[in-house]
Amino acid sequence: MCGIVGITTNGNAIEILFPTLQRLEYRGYDSAGVAVLADGNIKIVKKQGKISDLISEVAKSNFPRYAKVVIGHTRWATHGAPSDENAHPHSDCKSKIAVVHNGIIENYLELKRRLIPKHNFRSETDTEVIAHLIEENLELGSGDFESAFLNSVSQLEGAFAIAAITSYASGKIMCARRKAPLVIGMLNSGFVVSSDVPSLIPITDKIVPLEDGEIAIIEPNNFTIRKGEVLVKREAVSIALDVQKAEKGGYKYFMQKEIFEQPKVVEDTISAFLSQWDEIAFPPYKKIIVTACGTSYHAGLLGKLWLETIAKENVEVDYASELRYKDKDFSDSLVVAISQSGETADTLESVRIAKEGGAKLVAVVNILGSTLSREADIVLHTNAGPEIGVAATKTFISQLTVLFLLSLKLGGLRKDSHLVSELRRISEKIDKVLRKADSIESVAKEVAEFRNALYLGRWVSFPVSLEGALKLKEIAYIHAEAYPSGEMKHGPLALVSPEMVAVFVMPKDRVFKKNISNLKEVTARGGKAISVVTEGMDKEVEGSWRVLQTPETLEILTPFVTTPVLQLLAYYAADYLGYNIDQPRNLAKSVTVE
Ligand code: F6R
């Protein structure tokens, strides 16, 4: 999704600008642009396509090679198609102001209708309205840029993060945040402003996050933050993210590297959780409501099963994009919000509603310093390190690790219980799955020939099936749907044919025999079944077209070994089809719009 960067320094901001923009690429985007103040006017270069296209365009232009203040942006189209004109930054009629923006200005049409008689609009975006509105407020007001900026922001409706530079106040970056992330990072000389904490990893480990409704004015030697008339004092916080983990390290794609990191991620997550085991304390509650989006929601479904089975808790799970509209009674509830980024707009909005309704908030989150982590009463860190591939993999496994341990903790188990010991053995088993990647790759090449796939599983393997189907859709662009296997005969069985591949996730567990019957229903109708089974169970699934085996573990822990098989199946299918795996089309890493 869109990314903002702005740098103000006593050195050369251009040197930091392009590498930082490149580190925003992983979020997903379709165009990019940069703006600098040159000879009293704003110079903008913007381009549809990749940052490399922008860099070529910059090289052809007279864009300065040295500047102290710059802003840049990666755009993920919402208002208007991906194009050079719609790319950010946008400027006013006189080219004295440049604005980059994430989020949506909900009243942009109303503002545009008012401004259009006197202003020359050059794009279809909501963002351009901001530049013209500042221009109008400057003309109407005292000519003071800061007041015009403040006044303009107060007229905007929606959720947004904004950064602007201007020739009226050279050296300054003006920023505003309302329900979309924006942080100030400390540089050796000067400051960087960004909408994405991981993009700052190599250049700073100290940030000052902005809160909703705040305005920041950033200069090379200082910055001020204001909320209305009040000056805000806020200490910098450390971001504990590792540079090396944000590099590909010899793998073809980040996603591949991240899948192979999973054994270590599980170990790290277990160690971190156990080290705070005795300190973690929960307020009294009557029910647990789990909420999240996408892959994190699938982790939530597994969390529910574990909390119910191990801790005998009363648990509901809801998509955050649905929960927020439900008028639920949140009193006496513990809301567990799961998010890799900690910035997903729907998740943030639903937890705010829950908190207003009296809930206590537990955040299962990967990015410390993110909005979700700051708003939570209790933070359970997933410790997966930076995840760059858009498709979530290692963060899903780390979420499972935290949710499993949370179930043990709430179930009153001790940290030396046999379930903890079994979990400790799981990373070795994931490693065993990964060592058999070759056999998964050859099946994946066959999967790549299909246009449709079903993923089927029961009980703990149903959320795993949902996750496997999501991975295949997002990176290999193959239509995939997941069902609880027992639901097949109630409708989806009508789809089964030799053109349909059916992936059965059926490890040795309490529902294995039931799955065998469902497998037969599919193979008897010509469906091509790929059975993912526990080692030694291959004889039981005869009739399967292909069989993939996983190491034996406790039935409740099987998601840890079946998930990597499905991740690799999707990964190798997408690689065989030649897609850009780390940046799938239309998708964004951090979904900051509702
Ligand atoms: C899928 C994927 C998304 C995210 C979802 C929530 O591979 O990555 O479905 O899981 O957008 O994001 P977070 O976890 O950052 O809240």
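Tutor: Before we start, a word on classes: Ala, Val, Leu, Ile, Met, Phe, Trp, Tyr, Cys and Pro count as nonpolar, Asp, Glu, Lys and Arg as charged, and the others, Gly among them, as polar. Also, this is a predicted model.

Student: Thanks! With those classes, how do the residues of the shell around the ligand divide?

Tutor: Six are nonpolar, seven are polar and two are charged.

Student: And which residues come nearest to the ligand?

Tutor: Out of 15 around it, the nearest are Ser 296, Ser 339, Ser 341, Thr 344 and Glu 474.

Student: What does Thr 344 do with its side chain there?

Tutor: One of its polar side-chain atoms sits 2.5 Å from a ligand oxygen.

Student: How much of the ligand does the protein bury?

Tutor: The protein buries 90% of the 410 Å² that the ligand exposes when taken alone. The ligand's space is the largest pocket.

Student: Which elements give two or more residues to the shell?

Tutor: Those are α8 (294-309) and α16 (461-476).

Student: Why does the ligand lie between two domains?

Tutor: Because domain 2 (251-424) and domain 3 (431-594) both give residues to its shell.

Student: New topic: where is the cis peptide bond?

Tutor: It joins His 88 and Pro 89, with omega about 0°. Pro 89 is in the loop between β4 (69-75) and β5 (90-91).

Student: And what about phi of Ser 95?

Tutor: That phi is positive, near 55°, in a residue other than glycine. Ser 95 belongs to the loop between β5 and β6 (97-105).

Notes:
Residues numbered from 1 in each chain as written. Predicted model: local features only at pLDDT ≥ 70, side-chain atom pairs only at ≥ 80, totals over all residues. Heavy atoms only, no water. Near = heavy atom within 4 Å. Polar contact = N/O pair within 3.5 Å; in protein donor to acceptor, adjacent residues only side chain to side chain. Areas by Shrake-Rupley, 256 points an atom, 1.4 Å probe, with all protein chains shown as cover. 1 Å grid on protein atoms, 1.4 Å probe; cavity = no way out; pocket = protein on both sides within 12 Å on 5 of 7 lines; lining within 4 Å. Sits in = over half its atoms within 2 Å of the grid points. Helix = DSSP H or I, 4+ residues; strand = E, 2+ residues; numbered from the N terminus. Domains from an automatic or database assignment.
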